[in-house]
Structure formats: C-alpha cells, structure tokens
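The sequence and structure come first, and the description follows.

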Amino acid sequence: MKDYCFVVSTKPLAGQEENYHRWYDTQHIPDVLAVPGFTSARRFAAEVEGETRYLALYRIKTDDPHAVLAELDARSGTERMPFSPALDLNGISAVLYEAIGPEQFATGQEGSQG
C-alpha cells in the first residue's frame, strides 16, 4: 500500500471559532478517520492575510486513493458526516499528496509524538 497526505485548509465563519473547533475535534475528525484508508489526523493554525486559517493533515494508506476520497465525498455533508454551520464552506481547499520517499526522522526522534 502507498502512503498519502490529504491536506485540507478551512476556516470558521466570523464569530464561530469555538463551535468550529468543537465540531472539528469531536465530530469531524472521528468521522473522517472512520473512512477506510484514513489512518491519522492532526490540525494546525496560522495567520494568513490577517485571518486565522486552519490546516488538517490526514494520513492515508491505500492502493486506491481515489476510492478513499470518493467514499469521503459520498459521506461529506450527509447525516453520516455532517458539516458544521460554523464552517465557512467557501473557504475550503484540499489537495492529496502521494509520498515519494521514506519518512525520515531526526536522530533519536523515531516515533516521537512531539
């Protein structure tokens, strides 16, 4: 099986940060990780052009990434994987990257969860 990184950038609607984070951490990430092929997720924040944008990195292990993303798409926005009203649907971007080399670690850092 091949390794992939699914990179998703999102943002909350103005004034909805608390609801957005609660939904993302307690509902959305578990929903995504329930899709076969997704193995982990981690979120990040950055200031971009005066607003906070959020990035989620999802690891996928599969021989058919298009089938994994098709299943994610089929579930997204449904009762099975609802979107939060706090999510800015116009502020979403997503890109799938295929690993092209082995994962490398700093000396003594193998498996570190830092």
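A salt bridge is a side-chain nitrogen of Lys or Arg within 4 Å of a carboxyl oxygen of Asp or Glu. Lys-11, Glu-51 and Asp-88 are linked in a network of such bridges. The model is a predicted one, in which local features need pLDDT of at least 70, side-chain atom pairs count only at pLDDT 80 or more, and totals for chains, interfaces and linings use all residues. Residues are numbered from 1 along each chain as its sequence is written, and side-chain values use heavy atoms, with hydrogens and water left out.

**Strands and their pairing**

Helices (H or I, at least four residues) and strands (E, at least two) are DSSP runs, numbered from the N terminus. Two strands pair if DSSP finds at least two bridges between them. Strand E1 (residues 2-10) runs antiparallel to E3, and 9 bridges join them. In this pairing Val-7 has Leu-57 in E3 as its bridge partner, and Phe-6 stands opposite Tyr-58 in E3. E1 also pairs with strand E4 (residues 93-98) in the antiparallel sense, over 6 bridges. Here Tyr-4 stands opposite Glu-98 in E4.

E2 and E3 are antiparallel as well, joined by 10 bridges. They form a hairpin with 2 residues between them, and Glu-49 in the turn has a positive phi of about 50°. Ala-46 stands opposite Arg-53 in E3.

**The nonpolar core**

A nonpolar core is a set of buried Ala, Val, Leu, Ile, Met, Phe, Trp, Tyr and Cys residues joined through side-chain atoms within 4.5 Å. The largest such core has 19 residues, and those with the most contacts inside it are Phe-6, Tyr-24, Phe-38, Tyr-58 and Leu-72. E1, H1, E3 and helix H2 (65-75) each supply at least two residues of this core. H1 gives the most to it, with 5 residues.

Contact means heavy atoms within 4.5 Å. Leaving aside neighbours within four places in sequence, Tyr-24 is in contact with Val-8, Thr-10, Ile-29, Pro-30, Arg-43, Ala-56 and Tyr-58.

**A buried loop residue**

Val-35 is found in the loop between helix H1 (17-33) and strand E2 (38-48). Why does Val-35 count as buried? Its relative accessible area is 1%. Not counting residues up to four places away in sequence, Val-35 touches Val-68, Glu-71, Leu-72, Arg-75 and Met-81. The C-alpha atoms of Val-35 and Pro-65, 30 residues apart along the chain, are separated by 12 Å.

**Salt bridges**

A search of the whole structure finds 9 salt bridges.

| Pair | Closest N and O atoms |
|---|---|
| Lys-11 and Glu-51 | 3.3 Å |
| Arg-22 and Glu-18 | 2.9 Å |
| Arg-75 and Glu-71 | 2.6 Å |

Lys-11 forms a salt bridge with Glu-51. This pair links distant parts of the chain: Lys-11 is in the loop between E1 and H1 and Glu-51 in strand E3, 40 residues apart. Lys-11 counts as buried at 18% relative accessibility, whereas Glu-51 is partly exposed at 32%.

Arg-22 and Glu-18 are separated by about one helical turn because they are 4 residues apart in helix H1. Arg-22 is partly exposed, with a relative accessible area of 42%, and Glu-18 counts as exposed at 60%. Arg-75 and Glu-71 are likewise 4 residues apart, in helix H2, and so about one helical turn separates them. Arg-75 is buried, at 10% relative accessible area, while Glu-71 is partly exposed at 28%.

For charge, Lys and Arg count as positive and Asp and Glu as negative; His and the chain ends are not counted.

Asp-31 lies in helix H1. Asp-31 is also buried without a salt bridge, and the nearest side chain of opposite charge, Arg-75, is 7.5 Å away. Leaving aside neighbours within four places in sequence, Asp-31 is in contact with Arg-75, Arg-80, Met-81 and Pro-82.

Technical notes. Buried means under 20% relative accessible area, exposed over 50%, partly exposed in between (1.4 Å probe, protein chains only).
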